[in-house]
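Here is a short report on one structure.

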Amino acid sequence: MRSNLLQFGWSLFLAFGLLTPLAAQQELGTHFLRQHWQASLTNPAFMTEHTIEIGLPSFYFNSATNGLDFDQLVRTTVEGQNVVNGEALIANQSENNLILADFHTETFRLGLRFQDLQISFHHGLRFNAYLNYPASLAQFIFLGNASAVGETLALGPDIQLTGYNEFALGLAHRVGRLGIGARAKLLTGIGNASTENRRADLFTDEDIYQLTLDTDILLNTSSYFRINSLTDFDLQVGVDDFTAGDLFNSNLGFALDFGLTYDLSDRWQIAASVVDLGGIQWSENVVNYRSNTNLAYDGIAVDSLLQSASIPLSETLDSLGELLTFSETTDNYQTALPLKVYLSSRYQFGDSWAVGGLVHLVHFRETTNWALSLNAQRRLGKVLSLGLSYSIRHDHFANLGLQATAQLGPIGLLVMMDNVLASNGSNNGLSFNLRTGLNLAF
Amino acid sequence: MNKVPFQRGPFFFLLALLTTLACNKYDEVQLADYRPEFAIPLLTSELSMEDAFSRFGDDNFITVDADGFMTMNYFGDVTARQSSEIFESIAQTEGTFPLFDTISALPFSTPNGFDLDYALINSGTMQILYAMSFSEPVTFKARFPNLITPNGEVYEYNYFHDDPNFPLFVHPQVDLTGYTLVPTRDSLFIEYHVLLESSGTRVRLDTIGLTLVDFTASYVEGYMGQEIYEIPRDTITIDFFENWTFGDVYFEDPQIKVSVINSFGFPVRSQASIMDVIKADGQVITLESPFIDSINIDYPRLDEVGGARTTEFVFDRSNSNIDEVLSGVPIALDYEMRALANPDRDTSIRGFMTDTSSFRVQVEVQLPLYGRTNGFVARDTIDVDFSDYEQVTSAEFKVITENDLPLELELQAYFLDSEDAIIDSLFSGPRPLIQAAEVNAEGIVPPSSSNEVTTFIEVDGQRFTNFQQANRVLVTLAFSSYNGGQTSVRIYNDQRVEVRMGMKLEVQQ
């Protein structure tokens with residue numbers, strides 16, 4: 001049976017799924033990798049000891065949910081086949097469910113230090129995906145609406161899929177105990193799909209299941225998405241789709257990073273920063289999809305069932321398919337970047353040990369997520385440094401992080417994960433991130 | 001442009017999201033076999049009795065009185081335009097007639113008992129012919145005292161012969177159109193004179209004749225005599241029961257109304273030679289009534305020539321066995337009538353007829369929808385197409401009926417394949433679906449007495465698979481009036497039955 005509402009719901013999951021690593025959020029362990037430039041991504045006031053730093057491609061991936069455990073999402077059947085665990089999805093979801101993913105690549109970075117002044121430039125490629133879907137959407141997809149007769153199902157998800165370039169020019173300066181830093185970033189948008197309004201409420205009447213669809217949907221898109229109909233849409237997004245032509249276009253934006261450090265003593269430093277204060281103005285290949293209606297469907301009106309020569313079953317499905325239609329405009333629009341705040345404290349014990357704490361906030365799409373992290377790092381000789389962190393994030397308390405860096409002459413390597421337990425599938429899968437980096441430092 | 005396959009949507013979602021976790025567990029994730037169940041409305045249908053009956057005929061089929069009470073009406077209409085014998089006999093008055101004396105009478109014949117006062121000649125020509133042999137000029141004069149010209153004068157004809165010696169002289173034809181014939185003692189007299197010029201003496205001709213050709217009349221007046229007029233046989237089809245299978249219907253107050261429109265100007269009495277009702281089971285029952293052969297039909301008087309008068313007579317329960325005749329399942333009324341002119345042979349009644357006079361008989365079968373039925377079954381076939389529902393594994397139909405009618409409906413549906421073989425049925429046996437609304441002692445449904453019933457029909461996977469193979473559905477509907485068909489009920493045009501149907505479908509993705 002063609003269920004167009006169902007298909008639309010899946011399209012949202014699908015859109016999110018194909019946009020592989022997408023959507024913003026909480027990078028904690030990198031903040032403690034002070035010996036590498038990557039830490040300055042979290043606070044532009046952080047400076048390393050090196051005079052010249054060249055950052056080779058560095059990658060960061062992050063995914064997180066606020067209730068859905070990835071480990072629970074997939075189950076293994078008796079036959080040994082991995083399948084989507086719809087029942088677990090329904091049972092473990094919250095009223096509003098977040099699925100987030102980030103993929104960042106810093107393609108190149110150059111940092112020059114002149115005593116207490118550091119100038120830096122980098123190019124980054126950012127792909128963010130944010131999906132906030134109501135529990136009733138998954139219920140509708142997996143269970144249908146038959147169990148919700150007499151109820152209203154909220155089906156409208158909140159989504160933002162964004163890809164953009166970041167050309168950043170940073171400046172950090174130390175004055176006595178105080179360190180200040182700022183970074184100005186020119187942004188060029190590669191593609192975007194984001195909801196500005198997302199109400200899509202489906203009511204199923206107890207009488208004969210008459211359907212009422214109340215919508216106030218505004219989906220703004222730039223390049224990523226084309227909707228021809230509820231069952232026919234074009235999705236062209238993802239890392240693999242990036243080309244050199246996407247570096248510069250008319251989707252311009254601007255963002256600022258600010259940071260402070262203060263040495264309470266030679267060993268104790270506190271820091272605060274605000275990162276990604278800004279947004280992008282989308283004007284290229286823009287299509288706005290709007291639906292603002294209150295549609296009722298009571299079934300096919302048959303002149304007289306007892307006199308009809310046919311029962312219009314197919315017309316029922318056709319009419320359902322026409323229930324939701326979109327009007328299109330091409331109005332430019334803006335999106336904001338996820339605003340991040342870092343508040344930290346770090347204490348150095350001798351030359352080998354350092355411990356720190358971090359409060360991290362991310363504000364995005366009217367939602368603020370927080371995380372707390374405690375970190376301990378130990379330098380092992382001149383080459384290796386290991387770090388361990390314990391974090392609380394998304395109301396989940398079992399996040400054990402690991403950082404490892406190595407400095408082999410001018411070559412610096414780093415690997416960071418905030419939740420190593422998620423990688424082997426043995427524990428919760430609520431969040432996972434990974435950063436790798438390769439630097440040359442002189 | 002890529003269309004994202006619906007079925008692979010979740011798979012791609014998982015693949016994209018979870019393969020990045022570099023965990024074997026998330027490699028090659030497949031879709032689970034989940035079966036959502038969707039509730040959707042299917043249809044709403046409202047049937048009013050006026051709409052239900054409207055498909056059986058034109059606008060006159062159903063009449064509705066001021067209270068909305070409905071009556072079915074079936075009509076028959078037969079016109080008999082029969083040329084009477086009098087016109088035929090007049091038409092036979094043609095040929096060449098010898099005149100044996102100066103005053104002669106034409107052999108003008110009329111049917112027995114017919115007494116012609118006058119006739120208006122519609123067509124015909126007349127010629128006089130004779131032979132003469134005189135030595136002096138003569139004047140021929142002819143006079144037709146029974147023939148009146150259109151100017152109202154007796155027709156006379158004069159001709160002067162200055163050399164009256166010829167074996168045969170034929171005068172020009174005289175066109176008699178518009179002339180009036182006023183016979184004397186059923187005769188047309190001709191008087192002629194031949195006057196000698198010199199003396200004025202009248203002489204008789206030995207050889208003289210009169211030729212009449214194409215002599216017809218368009219109007220006759222007098223005593224028309226007694227004559228039988230045959231009205232063609234007709235059949236009124238009662239198609240309301242065309243989908244009947246079995247069961248009975250009893251009408252409390254049926255009527256057959258006979259209307260005769262008579263433009264003949266003389267008294268007529270009906271003689272119904274045939275008045276039979278044919279039943280669906282082949283039975284033929286004759287309408288019996290003491291009035292069947294004794295309806296006096298009104299007629300236009302002499303000052304109403306060209307007009308007509310209508311006589312109506314109603315056969316009902318009080319004067320016939322019509323309730324018996326029209327009970328059961330009547331499908332046709334077969335009738336034939338005859339009209340007897342001057343049934344009382346009253347010669348003092350002077351009537352008329354024209355060449356366009358006619359009898360028009362209209363028969364109307366009236367079936368007021370007041371009665372009872374028990375187990376009256378009708379069948380109909382409806383096309384269906386379940387091809388868009390291939391993924392449905394089971395279904396539950398919810399049918400809500402609101403019934404203002406005092407009729408109970410039992411439904412059964414048989415699903416037929418392309419060969420019209422039965423694949424499955426909706427119910428294992430007939431089940432009441434639409435309950436009858438309650439009635440009072442007069443058979444009337446009181447206000448706010450509609451009956452609402454909700455019925456759930458569950459169809460499991462195997463049965464739904466059977467339904468999907470069907471091309472048509474044979475629907476059988478058994479009607480019974482209130483109280484199991486024991487109570488007579490009245491049907492009004494504002495009574496209606498509403499059927500609303502929704503369904504829950506379990507779908508395998």
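Which residues of helix α4 (residues 135-143) of chain A are buried? They are Ser136(A), Leu137(A), Gln139(A), Phe140(A), Ile141(A) and Phe142(A). Keep in mind that this is a predicted model. After α4(A) comes Gly144(A). The phi of Gly144(A) is positive, near 85°.

**Chain A as a whole**

Chain A holds 5 helices and 24 strands. It has 442 residues, and 48% of them count as buried. Contacts between residues at least 6 apart in sequence were also sorted by separation. In chain A, 68% of these contacts join residues at least 24 apart.

**A sheet in chain B**

Chain B contains an open sheet of 5 strands. The strand order is β2-β3-β24-β17-β21, and the pairing is antiparallel. Its edge strands, β2 and β21 of chain B, each pair on one side only. Neighbouring strands of this sheet are turned by 25° against each other on average, direction ignored. In general, strands of a sheet pair through backbone hydrogen bonds, either parallel or antiparallel.

| Strand | Residues |
|---|---|
| β2(B) | residues 62-64 |
| β17(B) | residues 255-262 |
| β21(B) | residues 309-315 |

How many bridges join β17 of chain B and β21(B)? The two strands pair over 7 bridges, in the antiparallel sense. Where does Ile256(B) stand? Ile256(B) is opposite Phe315(B), a residue in β21(B).

Conventions: Residues numbered from 1 in each chain as written. Chains lettered and ligands numbered in written order. Predicted model: local features only at pLDDT ≥ 70, side-chain atom pairs only at ≥ 80, totals over all residues. Pairing = 2+ DSSP bridges. Helix = DSSP H or I, 4+ residues; strand = E, 2+ residues; numbered from the N terminus. Axes fitted to C-alpha atoms, helices over the stretch in contact; angles between N-to-C directions. Buried ≥ 20, exposed ≤ 12 C-beta atoms within 10 Å, placed from the backbone. Contact = placed C-beta atoms within 7 Å.
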